[in-house]
Amino acid sequence: NALQRFPRNPEVHYIYGEYLFTKRKFPEAVNYYKKALEIMPNLPVIEYHIGQALLAAGKTEDLRKHIDQMMAANSQNVFALRLKAQYHLSLNQRQEAINTLKTLIKANPYAPTPQILLSSLYLQEGKLSLATFHAKKALSQGDLSPSPHVILANIYYQKGQYQQAKNHLEK
């Protein structure tokens with residue numbers, strides 16, 4: 001067992017935490033992520049995975065505390081901001097999620113994922129011009145996922161611009 005052979009290797013704990021996460025054993029995954037962080041502190045990606053596991057386990061209060069700790073160290077921590085947006089969405093706090101995504105975009109203006117998430121929220125609220133802006137911004141930033149195209153197709157369909165909708169669905 002790698003954990004027995006390499007008990008002070010943070011990667012072994014992290015990888016085992018990932019394995020547990022895929023098996024939906026979220027509290028156990030948190031423990032292994034925390035052990036990896038204990039061995040090698042200040043790794044925002046591991047802190048993010050702890051937050052993801054807390055969210056998946058439905059431990060929203062623990063997640064809120066975790067986010068607060070991450071943001072106390074750096075209020076512009078992109079991992080903490082992304083978790084905060086997900087936290088707000090899990091509680092159906094849409095406006096707080098939107099505000100957090102705007103802050104995340106300011107902190108990391110070249111990342112397309114927050115643009116897509118914000119675009120999707122605006123689409124759900126019927127704010128088509130804002131949804132269009134952020135979907136196009138994600139595409140201009142090189143996003144290769146189908147998400148911005150699906151959002152734009154939905155917007156064009158709602159506007160009765162069927163050919164433009166079709167064009168985005170074919171991309």
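Contact here means heavy atoms within 4.5 Å. The model is predicted.

**Exercise 1. Classify the ring pair of Y48 and F79.**

Task: Decide how the rings of Y48 and F79 are arranged, and say which parts the pair ties together.

Solution: 
- Step 1. Count the aromatic pairs. Rings pair if their centres lie within 6.5 Å, and the count by this rule comes to 6 aromatic pairs.
- Step 2. Compare the geometry. The ring centres of Y48 and F79 are 5.6 Å apart and the planes stand at 50°, so this pair is tilted.
- Step 3. Locate both residues. Y48 lies in helix 4 (residues 44-56) and F79 in helix 6, so the pair ties together parts that are 31 residues apart in sequence.
- Step 4. Check burial. Y48 has a relative accessible area of 10%, so Y48 is buried. F79 is at 28% relative accessibility and therefore counts as partly exposed.
- Step 5. Look for linked rings. Y16, Y19 and Y32 are joined into a cluster by ring pairs.

**Exercise 2. Describe how helix 6 meets helix 7.**

Task: Give the angle and distance for helix 6 and helix 7, then name the residues that meet.

Solution: 
- Step 1. Recall the description. Two packed helices are described by the angle between their axes and the distance between the axes.
- Step 2. Read the values. The axes of helix 6 (residues 78-90) and helix 7 (residues 94-107) come within 8 Å, crossing at roughly 165°.
- Step 3. Angles over 145 degrees count as roughly antiparallel. Helix 6 and helix 7 are therefore roughly antiparallel to each other.
- Step 4. Helix 6 passes helix 7 in a left-handed crossing.
- Step 5. Name the residues. From helix 6 come V78, L81, R82, K84, A85, H88 and L89; they meet E96, A97, T100, L101, T103, L104 and A107 in helix 7.
- Step 6. Sort them. The contact of helix 6 with helix 7 has 8 nonpolar, 3 polar and 3 charged residues.

**Exercise 3. Repeat the work for helix 7 and helix 8.**

Task: Work out the direction and make-up of the contact between helix 7 and helix 8.

Solution: 
- Step 1. Helix 7 and helix 8 (residues 112-124) pack at an angle of about 150°, and their axes are 9 Å apart.
- Step 2. These two helices, helix 7 and helix 8, are therefore roughly antiparallel to each other.
- Step 3. Their crossing, that of helix 7 and helix 8, is left-handed.
- Step 4. Helix 7 brings R94, A97, I98, L101, K102, L104 and I105 to the contact; helix 8 brings P114, Q115, L117, L118, L121, Y122 and Q124.
- Step 5. The residues of the contact of helix 7 with helix 8 sort into 10 nonpolar, 2 polar and 2 charged.

**Exercise 4. Examine two loop residues.**

Task: State the loop, the phi angle and the exposure of R24 and of N92.

Solution: 
- Step 1. R24 is found in the loop between helix 2 (10-22) and helix 3. R24 is not a glycine, yet its phi is positive, about 65°.
- Step 2. Exposed means over 50%. R24 is at 64% relative accessibility, so R24 counts as exposed.
- Step 3. N92 lies in the loop between helix 6 and helix 7. N92 is not a glycine either, and has a positive phi of about 60°.
- Step 4. N92 has a relative accessible area of 60%, so N92 is exposed.

**Exercise 5. Is F26 buried or exposed?**

Solution: 
- Step 1. F26 has its place in helix 3 (residues 26-39).
- Step 2. Buried means under 20% relative accessible area. F26 has 8%, so F26 is buried.
- Step 3. Leaving aside neighbours within four places in sequence, F26 is in contact with F21, A53, A56 and A57.

Conventions: Residues are numbered from 1 along each chain as its sequence is written. This is a predicted model: local features need pLDDT of at least 70, side-chain atom pairs count only at pLDDT 80 or more; totals for chains, interfaces and linings use all residues. Side-chain values use heavy atoms; hydrogens and water are left out. Axes are lines fitted to C-alpha atoms, for helices over the stretch in contact, and angles run from 0 to 180 degrees between N-to-C directions. Helices (H or I, at least four residues) and strands (E, at least two) are DSSP runs, numbered from the N terminus. Angles under 35 degrees count as roughly parallel, over 145 as roughly antiparallel, 65 to 115 as roughly perpendicular and the rest as oblique. A crossing is left-handed if the near helix is turned anticlockwise from the far one by less than a right angle, and right-handed if clockwise. Ala, Val, Leu, Ile, Met, Phe, Trp, Tyr, Cys and Pro count as nonpolar, Asp, Glu, Lys and Arg as charged, and the others, Gly among them, as polar. Rings of Phe, Tyr and Trp (its six-membered ring) pair if their centres lie within 6.5 Å; planes under 30 degrees apart count as stacked, over 60 as edge-to-face and the rest as tilted. Buried means under 20% relative accessible area, exposed over 50%, partly exposed in between (1.4 Å probe, protein chains only).
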